[in-house]
Amino acid sequence: MARWCYRHRLVVLLLWVGALFGLGFSASSAGTDYANVFSLPDTDSKKAYDLMEKAFPASAGDSDTVVWKVDGGSVRDEAVRSRIQPALDEIAGMKGVGGVTSPYAGGRGAAQVSDDGRIAYAQITFADQANAVPKELVQDVVDTARGAERDGLEVELGGQAIMRVQEPPTGLAEMVGLAAAAIVLFLAFGSLFAMLLPIAIAVFGVGMGLFGTQLLSHVTDIPDLAPLLSSLIGLGVGIDYALFIVTRHRKGVLRGVDPEESAVTALNTSGRAVLFAGGTVCIALAGMLVTNLRFLDGVVIGTSLTVVLSVLAASTLLPALLGFLGPRVVSRKQRRRLAAGELEPEKASGPAARWSAGVQRRPRRIAALALAVMAVLAIPVLSLHLGATDQGNDDASTTTRKAYDLLAEGFGPGFNGPLQVVVSSGDANTLVKGIEAAPGVAQAAALPPSQGVTVIQVVPTTSPQSTETDDLIDRLRGEIIPEAGAQAHVGGVTAVSKDFATVTGDRLPLFVATIIGLGFLLLLIAFRSLVVPLTAAVMNLVAAAASFGVLVAVFQWGWGLELLGLGKEGPINAFLPVIMLSLLFGLSMDYQVFLVSRMHEEWVHTRDNARAVRVGLAETSRVINSAALIMVCVFLAFVLSGDAGAAMAGVGLAAAVALDAFILRTALVPAAMHLLGDSNWWLPAWLEKRLPHLAVEPKEEETAPSPAHGPSTVVHGFVRDASGDPVEGASVTLMSKGGRQLDRVTSLADGSYILSVPEPGTYLLSTTAPSYAAQARQVTVAGEPLVHDVELPEVSEVN
């Protein structure tokens with residue numbers, strides 16, 4: 001497939017461009033229909049919601065708030081009323097606004113003014129839910145209300161629809177992430193063209209994933225958080241997968257291999273690992289389905305679709321783009337060195353090789369240090385509190401946060417998260433009296449009944465995110481409602497958040513067991529070992545604990561929140577553990593596959609565990625660390641998204657990837673494998689017979705016998721220059737199609753050489769000599785010796 005895509009590169013490119021523009025046109029024509037479905041079957045808040053939806057269908061639109069405060073006097077003063085009321089009347093007349101409840105409209109309005117008379121609010125009800133309200137309408141409402149401000153009169157607005165106009169421009173996080181990734185790629189490759197390849201793959205994968213998700217939102221429930229998470233994970237894996245393949249391809253080109261053969265080899269080695277890694281990410285994401293939370297179903301669809309398209313782009317579009325670039329995938333300086341016959345050495349060198357040797361010498365010390373770091377970072381997870389962030393966690397400069405604080409100042413901290421006790425039978429008045437007398441209740445009032453249903457608005461004395469409010473909900477459900485003899489359910493946003501956190505916490509162990517079990521099974525089949533997948537499972541749990549520790553320290557304890565501009569500390573979003581663990585397990589499995597597949601390849605050939613671990617780490621640590629650095633940049637860029645959930649996920653995943661790549665895969669995993677020795681690759685014989693075969697490396701790479709076992713035949717001939725004179729001292733290398741060196745000799749005074757061939761097949765023959773251009777050719781050897789003469793052009797002819 002890689003060879004076909006390389007040779008038919010124009011057709012492949014046109015197909016991808018046509019698909020991208022076609023999907024984009026369809027998506028822009030269809031628009032979006034995202035829906036946040038917090039369906040929690042058999043929960044008290046869900047029963048309350050169903051009753052309210054049936055009894056009060058007209059209250060389906062989004063409800064937002066205008067709050068104003070005077071420095072002196074009262075909000076009832078004519079000077080204040082003459083500025084605020086015309087603005088409210090103008091807002092009420094706007095198309096798309098269902099109504100405005102003013103504090104200046106009769107008896108009920110008196111409750112919308114604080115006891116000291118300095119703060120008041122008006123309720124704006126839109127005709128649609130927040131995500132369906134046109135942004136232009138929301139901006140007009142904000143501008144009209146803020147236009148009433150003057151010295152001594154502050155006007156702020158809060159609500160879900162209002163949040164939309166204070167979000168940064170769409171795509172800002174993605175653009176910043178791409179720019180950061182481009183810088184890292186350029187530093188890693190030193191070539192503009194090579195840097196653009198992973199960016200292009202990510203753009204195609206994420207673009208088509210987002211357009212596809214947008215179209216799917218019309219046929220299934222997909223939350224508006226899904227596109228953000230899809231671009232977050234899609235950018236990360238798209239760039240990473242292309243980076244792994246391009247790195248392998250560049251290595252082949254720098255060793256004198258023909259660009260087409262190098263591209264085919266890269267796809268047949270690293271490309272296989274990419275397919276396997278992409279599959280593990282999708283399986284980890286699909287693990288969210290076992291929680292049976294409908295809100296997450298759309299997230300699974302959007303993120304999995306984006307990952308699949310990113311893998312498809314890396315497997316088909318990337319070899320086509322490599323065909324367009326040819327040797328320009330390496331820098332000009334490297335091309336000049338290639339022309340001069342200077343090939344990259346087969347063995348890894350530099351800091352990566354020195355670090356790998358150091359891990360082999362001191363595995364116990366390095367493992368103990370890495371474990372200590374991860375344990376310290378995991379300590380905050382012991383105080384993890386799941387809940388829901390609200391506008392009280394927004395940045396202090398936003399109008400939604402100011403409105404939230406003004407309402408809390410004027411009407412109490414519980415006013416921003418009222419509870420709704422929905423009564424379907426029994427004496428509602430008796431229940432109201434019981435609720436009013438309960439500790440933790442600031443006020444309770446019954447609204448006019450409808451269709452036999454009465455709603456009691458309960459304002460707690462504590463904020464929506466406090467544990468005291470959670471205790472009040474439990475008290476209402478377990479004591480006060482049963483004592484009143486009423487049939488009632490406690491609902492409202494605060495109660496829904498509490499139930500969501502409870503259900504998520506209860507189902508989290510099943511979810512973790514599912515994705516760890518699936519990951520264990522995949523690695524068991526791929527690497528034919530019990531210890532390697534067991535080590536990976538333990539490391540994933542360690543990485544999860546440490547990354548959640550960082551998340552708690554930042555978002556729950558507030559460490560560094562002001563520095564990041566992320567508002568005020570609060571609970572961790574209840575849905576975040578499931579989403580983060582899915583992405584974390586998938587991404588960490590990527591690094592495990594790339595690291596261990598190279599170790600396994602070396603183990604298959606040498607049966608030397610120490611060498612396998614040392615070579616695998618030396619040859620993959622640099623690319624894994626580069627890939628991780630890119631992911632960290634992409635994830636941290638989502639702090640700029642304006643969405644609290646995406647920002648929290650971005651910081652958490654950035655911490656998880658950094659810890660996983662820089663501490664676990666670079667230090668703890670190889671140190672542990674050195675300590676475990678040959679038992680890393682142990683598998684009972686009875687299990688070996690029953691397991692299906694799934695090779696991450698090409699079969700040829702695993703089964704080709706070494707020349708040390710005796711050659712099956714030989715390749716021989718002469719190395720000459722363009723004029724026919726023999727070239728003495730030329731280095732002639734025989735390599736497998738996977739790029740593994742099988743034999744190397746130096747030509748004699750008459751230019752002759754002879755190479756051992758392990759068995760009949762197709763191989764790469766690379767020839768280099770000082771002052772001559774390097775040459776690589778594909779040779780096919782049958783059972784008889786093959787005569788193959790090599791002609792090396794001089795460097796001046798190539799230039």
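Predicted model: local features only at pLDDT ≥ 70, side-chain atom pairs only at ≥ 80, totals over all residues.
What follows is a short walk through the overall build of this chain and some of its salt bridges.

Residues are numbered from 1 along each chain as its sequence is written, and side-chain values use heavy atoms, with hydrogens and water left out.

Now the big picture. The C-alpha trace spans about 110 × 55 × 45 Å along its principal axes. We've got 26 helices and 18 strands in the protein chain; those are DSSP runs numbered from the N terminus, helices being H or I with at least four residues and strands E with at least two. Of the 799 residues, 55% are buried, and buried here means under 20% relative accessible area, with exposed over 50% and partly exposed in between, using a 1.4 Å probe and protein chains only. As for contacts (heavy atoms within 4.5 Å), take those with a separation of 6 or more: 77% of them come from residues 24 or more positions apart.

On to salt bridges. By that I mean a side-chain nitrogen of Lys or Arg within 4 Å of a carboxyl oxygen of Asp or Glu. How many does a search of the whole structure find? It turns up 14 salt bridges.

Glu-261 pairs with Arg-3, and their closest N and O atoms are 3.0 Å apart. That one links distant parts of the chain, since Arg-3 sits in helix H1 (residues 2–7) and Glu-261 in helix H10 (residues 259–286), 258 residues apart. Glu-261 is buried, at 10% relative accessible area.

Next, have a look at helices H17 and H18. Lys-498 forms a salt bridge with Asp-474, closest N and O atoms 3.0 Å apart. Here Lys-498 is in helix H18 (residues 493–527) and Asp-474 in helix H17 (residues 467–484), 24 residues apart. Is Lys-498 buried or exposed? It's buried, with a relative accessible area of 15%, whereas Asp-474 counts as partly exposed at 39%.

Then there's Arg-477 with Asp-499, closest N and O atoms 2.9 Å apart. Arg-477 lies in helix H17 and Asp-499 in helix H18, so this pair ties together parts 22 residues apart in sequence. Arg-477 is partly exposed at 22%, and Asp-499 is buried at 6%.
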